[in-house]
Amino acid sequence: MAGKIIIISAPSGCGKSTIINAILAEGKIDMQFSVSATNRLPREGEQHGVNYFFLTDDEFRKAISEDAFVEYEEVYPGRYYGTLKSEVARICEAGHNVVLDIDVKGGVNVKKLYGDQARSIFIMPPSVEELRRRLEGRATDSAEVIDERVGKAEYEIGFAKDYDFQVVNDDLATAIAQTATLIEEFVK
Ligand code: 5GP
């Protein structure tokens with residue numbers, strides 16, 4: 001039986017990756033992470049084929065022309081991210097559930113595409129001010145990138161209502177537990 005699709009979106013810095021990784025590490029839910037492709041450069045510690053498939057601009061364009069994506073978006077100017085058909089097919093056809101960590105437009109599109117086979121969850125920051133503090137604390141991005149991400153977050157929060165569920169990440173452990181319950185209910 002084909003697996004189900006779990007879509008998780010959040011503004012950058014809302015703890016989305018931490019939440020997904022914690023649920024995967026717990027190992028209680030049968031789900032696998034679909035590794036997306038991007039033309040952005042790897043951050044320190046990120047690995048090709050684990051966090052993303054890091055492609056050159058040309059390679060990304062070629063993948064588009066070969067119809068390799070379920071969806072792709074220009075999430076930041078010049079920076080593209082896409083869900084690979086091959087990843088979703090590999091995981092689903094093996095009967096596992098698949099988790100997609102994708103931006104709001106991608107998330108809304110994938111939900112439309114898969115309907116009841118997909119559950120979409122939006123992780124919210126407690127507030128935009130708190131989000132800025134978290135991004136500054138993470139210290140992986142420049143001040144300019146942080147400004148860009150905070151502006152983008154305000155825009156993205158406008159899409160939260162289009163998701164099946166919203167989880168506020170105020171306390172991390174609570175947000176992990178709430179997200180895990182929403183996924184468990186859906187895949188059981
Ligand atoms: P980051 O550069 O911080 O890893 O990711 C930036 C944004 O791109 C995040 O919101 C992330 O969810 C989104 N993203 C990652 N992979 C995909 C994808 O395959 N498709 C879409 N539409 N967005 C993605």
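Two residues are in contact here when heavy atoms of theirs lie within 4.5 Å. Leaving out neighbours within four places in sequence, M31 is in contact with I6, I23, L24, N97, V99 and I183. Please keep in mind that this is a predicted model, in which local features need pLDDT of at least 70, side-chain atom pairs count only at pLDDT 80 or more, and totals for chains, interfaces and linings use all residues. Residues are numbered from 1 along each chain as its sequence is written, and side-chain values use heavy atoms, with hydrogens and water left out.

**Nonpolar cores**

- A nonpolar core is a set of buried Ala, Val, Leu, Ile, Met, Phe, Trp, Tyr and Cys residues joined through side-chain atoms within 4.5 Å; buried means under 20% relative accessible area, exposed over 50%, and partly exposed in between (1.4 Å probe, protein chains only).
- The largest such core holds 24 residues, and M31 is one of those with the most contacts inside it, along with I6, I8, I23, I121, I123 and I183.
- At least two residues of this core come from each of β1 (5–9), α1, β8 (118–124), α5 (128–138), α6 (143–157) and α7 (172–187); helices (H or I, at least four residues) and strands (E, at least two) are DSSP runs, numbered from the N terminus.
- Helix α7 gives the most to this core, with 6 residues.
- Another core lies apart from it, with 17 residues that include I91, C92, A118 and F122.

**Around the ligand**

- There are 17 residues around the ligand, and S36, Y52, Y81, D101 and D103 come nearest; to be near, a residue needs a heavy atom within 4 Å.
- A polar side-chain atom of D101 is 2.6 Å from an oxygen atom of the ligand.
- For R40, an N or O atom in the side chain is 2.7 Å from a ligand oxygen atom.
- T83 uses its backbone instead: a polar atom there is 3.0 Å from an oxygen atom of the ligand.
- On its own the ligand has 520 Å² of accessible area, and the protein covers 94% of it (Shrake-Rupley method with a 1.4 Å probe; for residues, only the protein chains shown count as cover).

**K16 and its partner D101**

- K16 is in helix α1 (residues 16–26) and counts as buried because its relative accessibility is 14%.
- Its side chain makes a polar contact of 2.9 Å with the side chain of D101; such a contact is a pair of N or O atoms within 3.5 Å, where within protein one must be able to donate a hydrogen and the other to accept it, and residues adjacent in sequence count only if both atoms are side-chain atoms.
- Not counting residues up to four places away in sequence, K16 touches I8, S9, A10 and D101.

**Salt bridges**

- The whole structure has 17 salt bridges, each a side-chain nitrogen of Lys or Arg within 4 Å of a carboxyl oxygen of Asp or Glu.
- K85 and D67 form one of them (3.1 Å, N to O), linking helix α3 (residues 85–93) with the loop between α2 and β5, 18 residues apart.
- R79 pairs with E148 (3.3 Å, N to O); R79 is in strand β6 (residues 79–84) and E148 in helix α6, so the pair ties together parts that are 69 residues apart in sequence.
- E136 and R132 also meet (3.8 Å, N to O), and they are separated by about one helical turn because they sit 4 residues apart in helix α5.
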